[in-house]
Amino acid sequence: MIKKYYLLSPGPTPIPDKVLSVAAEPIIHHRTPEFSNIFMEVTEGIKTVFGTKEDVFILTCSGTGAMETAVVNTLSPGDKVITINGGKFGERWGNICKVYGVVYKDIILEWGADFTKERLAEELKADPNVKAVFATLSETSTGAIYDIKGFGEVVSGTDAILVVDGISGVGAAPCPMDEWKVDVMVTGSQKSFMIPPGLAYIAFSQKAWKMVETSKLPKFYFDAKKAKKNLGNKTTPWTPAISLIIQQKKALEIINGMGLPKLFEHHRILGDATRAGVKAVGLGLLAVNPGNILTAVKVPAGVDGVKLVKTMQSKYMAYIAGAQDPNKGKFFRIAHLGYMGGFDIITALSALEMTLLDLGYAFEPGAAMKAAQTVLKENWQ
Ligand SMILES: *Cc1c(COP(=O)(O)O)cnc(C)c1O
């Protein structure tokens with residue numbers, strides 16, 4: 001058989017053909033009006049996706065670079081912060097703070113668990129010296145989505161800033177930065193923005209910008225003040241990833257052309273279809289509050305979770321993602337973000353069913369696809 005490659009992972013994600021093809025166009029020089037026009041159009045387009053009136057800075061790095069940018073531009077050595085650690089990516093906030101000598105209280109949640117705004121309010125009350133709260137919109141390691149709106153209500157009433165890792169969530173689930181009082185928002189290009197890895201986006205509120213003015217942590221490449229000064233001249237401090245920015249222009253035409261409400265509804269349908277599918281074959285979800293960005297599914301008793309992911313990838317070429325350490329083998333993740341359509345869910349579930357049959361798991365073959373198809377059919381528009 002021709003083995004076709006199906007990318008079903010929560011980053012990198014599939015990319016529309018017309019976005020891919022513009023990367024093959026001849027490179028243009030970045031210090032020109034021609035590039036500046038494209039650059040500013042992309043900046044404006046990302047502001048729309050962020051839901052902000054503030055400047056958005058386009059960085060040449062993966063999402064983690066924007067996370068580091070958030071830390072080094074707002075804080076000073078010895079500052080106290082809270083990190084909400086619900087998985088691999090929530091944990092990363094603490095790891096960055098540690099390297100820079102920021103004192104962080106790591107609130108470690110069980111993977112997939114929720115965290116309420118009431119608990120955050122208690123934490124902030126217990127230590128009024130906290131300068132920042134670091135949270136995650138969509139914890140991509142567990143599929144959980146968090147109450148950023150609630151966190152914003154709580155944090156905005158204090159002197160602290162709310163920093164949100166929106167790397168897989170922004171563009172697939174609502175998180176309007178200004179309305180929800182997010183002070184620093186970061187995302188990456190290879191998740192919901194429908195382009196390859198290599199760009200990251202960051203924006204600061206006025207409240208956060210005051211901290212930028214006094215921040216003493218070291219920075220050079222990721223200096224937000226340099227980025228702001230250059231944005232004033234419609235450019236970047238360093239050579240931008242020209243081709244990726246041109247690709248982002250094309251992808252934003254799709255994203256903002258469709259409009260965010262429709263895009264979120266699209267993800268809601270894919271999420272519902274996936275959840276219905278896995279439940280129909282007796283599988284359970286990891287997250288207490290699952291997002292519509294990806295679905296983490298618990299590996300059933302008697303099935304080897306590492307083998308399941310390996311079989312789906314190497315035998316069926318369905319590239320879902322496994323669970324990361326320390327939960328390797330315990331669950332797997334089916335993505336529905338980026339350029340995904342309804343039939344991508346059917347593909348994922350079909351490969352999953354064939355794999356479960358290979359691994360001797362007992363269920364009614366076809367049940368997952370039937371359940372997902374019902375959701376897709378009822379919601380098709
Ligand atoms: C992918 C991801 C990251 C890490 O981004 P890189 O692009 O790999 O640096 C961080 N946080 C979340 C929520 C992610 O999904």
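The second largest cavity is lined by Ile84, Gly86, Ala135, Thr136, Glu139 and Tyr146. By class, this lining has 3 nonpolar, 2 polar and 1 charged residues; Ala, Val, Leu, Ile, Met, Phe, Trp, Tyr, Cys and Pro count as nonpolar, Asp, Glu, Lys and Arg as charged, and the others, Gly among them, as polar.

The model is predicted: local features need pLDDT of at least 70 and side-chain atom pairs pLDDT 80 or more, while totals for chains, interfaces and linings use all residues. Residues are numbered from 1 along each chain as its sequence is written, and side-chain values use heavy atoms, with hydrogens and water left out.

**Cavities**

Rolling a probe the size of a water molecule over the atoms shows where empty space is left. On a 1 Å grid over the protein atoms alone, a cavity is a set of points where a 1.4 Å probe fits but cannot get out, and lining residues have an atom within 4 Å of a point. Grid points are joined across faces, edges and corners, and a volume is the space filled by probe spheres set on the points. The structure holds 2 cavities of 30 Å³ or more.

| Cavity | Volume | Lining by class |
|---|---|---|
| Largest | about 200 Å³ | 15 nonpolar, 5 polar, 1 charged |

The largest cavity is lined by 21 residues, and Ile58, Leu59, Ala227, Thr236 and Pro237 lie nearest its centre. Strand E2 (56–60), strand E10 (199–204) and helix H8 (224–231) each supply at least two residues of this lining. E2 gives the most, with 5 residues. Helices (H or I, at least four residues) and strands (E, at least two) are DSSP runs, numbered from the N terminus.

**A salt bridge**

Side chains of opposite charge can pair when their charged atoms come close. With a salt bridge taken as a side-chain nitrogen of Lys or Arg within 4 Å of a carboxyl oxygen of Asp or Glu, the count comes to 15. One of them joins Lys228 and Asp55 (3.0 Å, N to O). This pair links distant parts of the chain, 173 residues apart: Lys228 belongs to helix H8, and Asp55 to the loop between helix H2 (33–50) and E2.

**Domains**

The assignment gives domain 1 (6–12 + 259–379) and domain 2 (17–257); such bounds come from an automatic or database domain assignment. Their C-alpha centres lie 28 Å apart. Across the interface of the two domains, the rule finds 0 salt bridges.

Conventions:
1 Å grid on protein atoms, 1.4 Å probe; cavity = no way out; pocket = protein on both sides within 12 Å on 5 of 7 lines; lining within 4 Å.
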